[in-house]
Amino acid sequence: MASSSIERIRQRRLAVRFSVLALMVLCFVVFLASRGNETLDSTSSGVLEDGVTPILAYLSMPVRGAENILSEIQARNDVHEENERLHKELDRLKDAEMRANALALKITKFETLLNVDTGAGIPEKKIAARAVSERDGPFVRSALINAGRNKGIAKGFAVMTSEGLYGHVVRVGKNSSRALKLTDLNSRVAVMSLRSEGRAILTGDNTDFPSLSYVSNTDDWNVGDNVVTSGDDGVLPRGLPVGKVRQEKSGALKVDLNVDGTRVDWVLIIPFDKIESLSELLDITEQAANAEDASDIATDVEATDTTLGVAQTETTTPDVDPAGVQP
Amino acid sequence: MNLQAESYADNIPHAVYGFLITLVMIIFGLITLHIFNVTISLIWLPLMSVFLWPRFAAPIVSIFLIFIAGLFQDILNAQTLGFSSILFLLTYIFLRPRLDFDNLGFTTLWTRFGGVIALTIGLILLFKLFGASVSISHFPMQVLLTLLLFPVFLGFRNTIGNIFFPTDRL
């Protein structure tokens, strides 16, 4: 009796050891296979994140509520100074808005005259959603957003807060999506200096200040320069505010992001038709070239017509005195 | 571990209970706290649950459930799959206090869990040594908060356990 019991326990121990070994091997296989394997990662995660997001939205409400109450208590202490500052800011912004409107009008006119579209416009449509869970773990910096395909979100869309660019969507589920923060190790965004239009790539390195790499010309970058998205990557629209340039003691250029470590609750997702592939880019270039050729041909025809003495079509009224025309 | 105690260790409901508590901790760990303008996520909450996995839970079922919980943790944290599973399994096999909960005082358990966190940090730093870019700036606050929450978790675990298994020692 006792010996059979011991035997059973021995067998069970063996089974446990085998299971542990098998699962550890499986863990390593999954670990190695999922590194950079988007398909493996996204198939399972979409469903799971969709299920958890509504729960998190409810669970995070009291936490966000408590944080809001605390920040309001803090804000009440300096409400007078804040009010004065906001008045000044409002005056400045009114002036800036007026200038911006005038500039926008001027740019539209130039674009019409030159028959080009600079593609500099930030889309008007924005999708508001809540960041229900932010991850600032040792390896990953991302956020779970409680809106997905049901709200028209697609992979690559820019995620903004009122302060500036927060990240971009890397994974979309039915009613949730995952945004990769600018500080994440895998984040790469094409940016430019607003002052000099010098180009660089904003590279996340799991620190609070992402680096500027592939800098076109270091002279183009000064400390304090405003950094915005350049739109060169064809993924994000041009002109989204990112942050300000700062320099490390080592001389490396970094960016002090507008969206710092403070509380992020609501985010705005900006839909943008990204350029999917090089062939699409080539198609666009080809179309532009064709349009240019067509306009060249038209100019050539006009020139030929003029040489041959053919009357050009006038869109304006001929300068004829009606009184001088008598039947 | 004596043979009599080990013969009890075939309790599947206990393993499921441990798994469910771990899932709850994974979800709680996803809630972000903002303290002094620093974003804190409690990544070690599920580890706490694995550390205090029910004593008499069926081991093979437990191992599989811990593996699945680790995958859940990785997916919901957008991490590389498998990392948390390895961490949880190592904790369950080597670091978990086994059948001698009663003989260990609360302070010993607390200190031991501090040790588990230290080992986890060591493992993460190992990745850094191999050239991975690892952010460790939030660790002090995360560790402090997790250790502060340990008694709360223990209370929560025991209360829920007493509801479902009033006669069993978990």
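Analyst: Accessible areas come from the Shrake-Rupley method with a 1.4 Å probe, and for residues only the protein chains shown count as cover. On this basis chain B exposes about 7,100 Å², with carbon and sulfur atoms supplying 72% of it. For chain A the accessible surface is about 20,400 Å², and 58% of that belongs to carbon and sulfur atoms. The model is predicted: local features need pLDDT of at least 70, side-chain atom pairs count only at pLDDT 80 or more, and totals for chains, interfaces and linings use all residues. Residues are numbered from 1 along each chain as its sequence is written, chains are lettered from A and ligands numbered from 1 in the order in which they are written, and side-chain values use heavy atoms, leaving out hydrogens and water.

User: Why is A:Thr53 called buried?

Analyst: Buried means under 20% relative accessible area, exposed over 50%, and partly exposed in between (1.4 Å probe, protein chains only). A:Thr53 has 1% relative accessibility and therefore counts as buried. Its place is in helix α2 (residues 38-77) of chain A. Setting aside residues up to four places away in sequence, A:Thr53 touches A:Val132, A:Leu144, A:Ile145, A:Asn146, A:Asn175 and A:Ser176, where contact means heavy atoms within 4.5 Å.

User: What share of the residues counts as buried in chain A, and what share in chain B?

Analyst: In chain A, 33% of the 327 residues are buried. In chain B, buried residues make up 55% of the 170 residues.

User: What makes a set of residues a nonpolar core, and which residues have the most contacts inside the largest one?

Analyst: A nonpolar core is a set of buried Ala, Val, Leu, Ile, Met, Phe, Trp, Tyr and Cys residues joined through side-chain atoms within 4.5 Å. The largest has 65 residues, and A:Leu56, B:Trp44 and B:Leu89 have the most contacts inside it. Among the elements that give two or more residues to this core are α1 (2-34) and α2 of chain A, together with α4 (59-76) and α5 (83-95) of chain B. Apart from this core lies another of 19 residues, including A:Ala158 and A:Val245.

User: How do you know that the length of α5(B) agrees with its number of residues?

Analyst: Helices (H or I, at least four residues) and strands (E, at least two) are DSSP runs, numbered from the N terminus. The expected span of a helix is 1.5 Å times one less than its number of residues. The 13 residues of α5(B) should therefore span 18 Å, and the end C-alpha atoms are 17 Å apart, which agrees. Of these 13 residues, 10 are buried, among them B:Phe83, B:Leu89 and B:Ile93.

User: Why is α4(B) described as largely enclosed?

Analyst: Because 13 of its 18 residues are buried, α4(B) is largely enclosed by the rest of the structure. From first C-alpha to last, α4(B) reaches 25 Å, close to the 26 Å expected. Just after α4(B), B:Ala78 takes a positive phi of about 55 degrees.
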